[in-house]
Each structure stands twice: as structure tokens, then as C-alpha cells.
There are 2 protein chains.
Amino acid sequence: MYIVNKIVSSMNGQPMSLSKKEQEIQRITNSITKAVSEQRLPPGTRLVEAQLVASLGANRNHVRAALQRLALRHIVSIETNKGASIAQPSVEEARNIFMARSILERGIIEILVKRLRRSDVTLLQKQIQQEQKAVEKGRREDIIRESGEFHLLLARLSGNPVLLDMLRDLITRSSLIISLYQKHNNPQCGCDEHGDIISALETQDAEKTLQCMSHHLHDIEYGLNLDFWENRKVDLGTVFEE
Amino acid sequence: MYIVNKIVSSMNGQPMSLSKKEQEIQRITNSITKAVSEQRLPPGTRLVEAQLVASLGANRNHVRAALQRLALRHIVSIETNKGASIAQPSVEEARNIFMARSILERGIIEILVKRLRRSDVTLLQKQIQQEQKAVEKGRREDIIRESGEFHLLLARLSGNPVLLDMLRDLITRSSLIISLYQKHNNPQCGCDEHGDIISALETQDAEKTLQCMSHHLHDIEYGLNLDFWENRKVDLGTVFEE
DNA sequence: ATTTCTGAAATTGCTAACAATTTAAAGAGG
DNA sequence: CCTCTTTAAATTGTTAGCAATTTCAGAAAT
């Protein structure tokens, strides 16, 4: 007896229909990644398999596969027999990630200066509007998400999926870093700087645009308490004396 | 009854001892990655689970986990119910990868120009000697491996593991690309260019070093048949007429 | 000779049940 | 009230066996 449940959907182009299992794993990873990006899942949060199974309505094997993948992307950390939890990047890792972002995003700018189309600018402006709308409404989650989307859109417009994939992980990890080390409660207000980057892009001036991007990334990093927490070895003997 | 086989090895620093399972999976992924890097596993090769289990002396579950990881890194591709095989990057993917490499490696150079130590130069020169030795002996596998190692060493000396991880994957995928698209049988002889890069680094001249690196990467890409295979839609009607 | 069918072998995918470990709570003793 | 031990519950890790699919050789048919 043969049981056939394969669906040859996607008469369309190349991307080849994903298997049910693959779809499901991606759904789970996306849910978790999105929650991390929007800082609804703070660093250190335990991710108990059974709870994920219940709240996501998923198969345990699929949840485990998703957690494994997220661990490879440094978004969750898995300890044997202890389970998974949202990663807590160290100060050193934070600096390395921002350095890598700077390299990648500057490279993306260099590509974009050459090939940016009129329609691309429109997309970027629409993205900024979304961002401003979120700022006005004060929806913290939305602000953070839209802010990340701007950077991802730049990567997407570069037309290079390899760069996009790499940057996507770095930006998600940045959300963790901001959760951990942000100075003030005000969500980053670098919305203007995004506008500056677009303006500079439109002038086709590579050097100027690169400076805008560098400045913007530097601002984000500067808004953190990295220095404060760096090289801080807690001395249990002195911590509690007042 | 309690069975204890945990070993709290590594009284040393942070890295925390890896579990037996984790070690095993890494051993398998390393074996396959190394074979790909040295072009002993050509693109498209089927990776039958049972065969890997036999030849690597491993557990089937560990083999499967390793294949999953390699698939995420785009080194193997897995089709449902068909199993795993070594990836065959398209021309478009090849161009994207080299573009990404250029961005990353130029960024790494910029870091290195600022912080390169005397001891680092020694390490780089030792690496080049290894490479030359391989060239003299004509060991094709060794040449390819050592050539990749040079680029990885640069990344390692940058002191940024995030960059290193990203570049490692790109270089492995480059090996696949070279396997698929190299013009001549001569393994790339860009050994001199590696020397040029070191020389330029020693002068602390950022612009010059960047040009060396750009030139080197461009040479590698230029030694491929990417143009030839690009936009080549095979017409089954005309392919076989002579 | 070429194609089409067919059934067995090879291969991959899945899951339920169990094993091992950690975590939390309860208890014992001082 | 505190500390240590013991026990139970919660959680994660593993595996053997079977299910489903593909592959391929050889038979059957045109």
C-alpha cells in the first residue's frame, strides 16, 4: 500500500517546494528569531522543549531541530542535559559583531552606490516611514523590528543573498546585545540617521555615504554600556558591602 | 543506579569541555569539510549515510546531524528522501561568494594594517613556506589546503572570531566553485600574490595592501570559466547535433 | 532495441518508548 | 533557621525498529 501526501506545488521557478518538515522547522526558528529581534525573549531565557511544543503547536523533533539550528547561529546556546536558552553575548563578542557589521554594511553601501535604482529608493523611503510610524506610536517592539528591517533591506537591495544571510544573523545577535547592554531605556532613536544614509546614497557620493553608515553603527555601539561591563571581574567579597 | 561518564576535563579557561556527542559531530563535519576543501570530494558526490557510518566509524545519528549542519553551511545539499550530496554552487552563487569574500577580506586587511605584530608576520611567512613546499612537491591537495589556510590565518590574526567563522565557510565554498569552474588543470599559482600581500602589510600602507588583496581575489575569480557557463540554458534539441 | 512495468533491495525518515540527568521539593538532624 | 541527604518530578538525550521512498536490475511487451 502506498500513501502519497507529496504535493508538487510550486509550478513556478527554481526554489523547489520545501518539505512539510522543513517548513515547520523554519516556522519555529522564525517565531523564535522574531521574538528575539523584537526583544520579547530576553537573553538568558530558558527554552523548555515541552513549553515550545505546547505554545507553538509543534512536534518535539521539529522543535529540537530548530533549537539546534539557532544554536549554530549563536542565537541560542545549548548545554548538554540542561537544554536551550537565549544566548548572552559577551562584551568581547559584542564588539566583534559590531566590527563585522561595519565591514559588511560598508561593503553593501559600496555596492549600492553603484547600482541603486529609483525604485529602490522608494522602497527605502517606505521603510523609513514604517519606522517613523512605529516611533510615533511608541511601540517599542515595532521600532526595534523596523530599525533592523532597514539594514536588511539595504542588504537585500545589494542583490547578494550571501551577504544578506550573513548580515541577518549579525543583526539578530545585535538585538541580544542591545537588550543586554543598552544604557538608557529609550529605544535607539537613530531614525534620522537612516534618512541621512538614504540622502547620501541618492547623491551617489560613496565616501559620504560610507561615513554616514560608519557614524550610524558607531552611534548604536556608543549607546551601549560595553566599557562599563568590560573587564569586570566580580569580587564576591566586596560586592555586598555597602 | 547511576552511571557516570562525564569528564570535567579542561580545568583550563572558558571553552568548557564539549560533550562526547558534540565532539563526534565535529569530527565528522571536519572530515567532510577537509575533504571538500582539498577537492577529494567533488561537487555532486552522493553522501550515503551507511557509507559514511562505515568509513568514519560513527553513529548514524551523528552522521545525520553532521550532514544537517553542513547543509546549513551550503556545503552539502539535502533533498528529502534522496539524501545528501556535495553542493554544486551556481555561477550566480559563485559570483556572490567572491563578492562577499572581497568585502570580508578587505575589511580584515584594514584591521590588520593597524594591529599587525612582528610575530604575526613570522606566522604568515611560515604559512607561505608551507605553501611553497607543497607547490614544489606538486601535491595538489596540499597546495589547495595551504592556500586556503593563508587566508584563514589572516582572519585569525584579525582577532575577531566572528569574521573568522564567516570567512571559513566562504573559503570552503570557494573550493567547490574552483572544482566546478576552473579553466586549466593547473592548480592556482597565486602563491606569489600571497607574498605580495605580506610585503604590503609590512609597509603599513593600507591602500596598497587592499589593492594587493583585491587583485589576488580578482585573479582567482578570473581563472574560472564563470562567463562561459553563465546564462547557458541547455537546449536539448541542439546539444547533440555535431 | 527501446520502452514500460514490477518487485525487491537500498536508502532515508520517523517515532514511541526508554535511559540518563538535572532540578526542585521534602525530610532529617543539628 | 540552616545544611545536608534523600526522593520524586521534570526535562533532556538516545535508540531500535519500522515506515515510506527511491533506485535499480531484470522481465515483459511492443
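1. On terms, axes are lines fitted to C-alpha atoms, for helices over the stretch in contact, and angles run from 0 to 180 degrees between N-to-C directions. Helices (H or I, at least four residues) and strands (E, at least two) are DSSP runs, numbered from the N terminus. The model is a predicted one, in which local features need pLDDT of at least 70, side-chain atom pairs count only at pLDDT 80 or more, and totals for chains, interfaces and linings use all residues. Residues are numbered from 1 along each chain as its sequence is written, while chains are lettered from A and ligands numbered from 1 in the order in which they are written.

2. Within chain A, the axes of helix α5 (residues 118-137) and helix α8 (residues 191-202) come within 10 Å and cross at roughly 170 degrees. α5(A) and α8(A) are therefore roughly antiparallel to each other (angles over 145 degrees count as such). The crossing of α5(A) and α8(A) is left-handed, a term used if the near helix is turned anticlockwise from the far one by less than a right angle.

3. As for the residues that meet there (in contact if their C-beta atoms, placed from the backbone, lie within 7 Å), α5(A) contributes Val121(A), Leu124(A), Gln125(A), Ile128(A), Glu131(A), Gln132(A) and Val135(A), and α8(A) contributes Cys191(A), His194(A), Gly195(A), Ile198(A) and Glu202(A). By class, this contact of α5(A) with α8(A) has six nonpolar, four polar and two charged residues, where Ala, Val, Leu, Ile, Met, Phe, Trp, Tyr, Cys and Pro count as nonpolar, Asp, Glu, Lys and Arg as charged, and the others, Gly among them, as polar.

4. Chain A also has an open sheet of three strands in the order β1-β3-β2, with antiparallel pairing (two strands pair if DSSP finds at least two bridges between them). β1 (46-47) and β2 (76-79) of chain A are at the edges with a single partner strand each, so one side of each lacks a neighbour in the sheet. Between β2(A) and β3 (residues 83-86) of chain A there are four bridges, and Ser77(A) has Ser85(A) in β3(A) as its bridge partner.

5. Turning to the two chains, their contact takes 16 residues from chain B and 16 residues from chain A. On the side of chain B that touches chain A, two or more residues come from each of α3 (60-72), α4 (91-115) and α7 (161-181) of chain B, and α4(B) gives the most, with seven residues. That side of chain B has ten nonpolar, five polar and one charged residues.

Definitions and conventions: Parallel < 35°, antiparallel > 145°, perpendicular 65-115°, else oblique.
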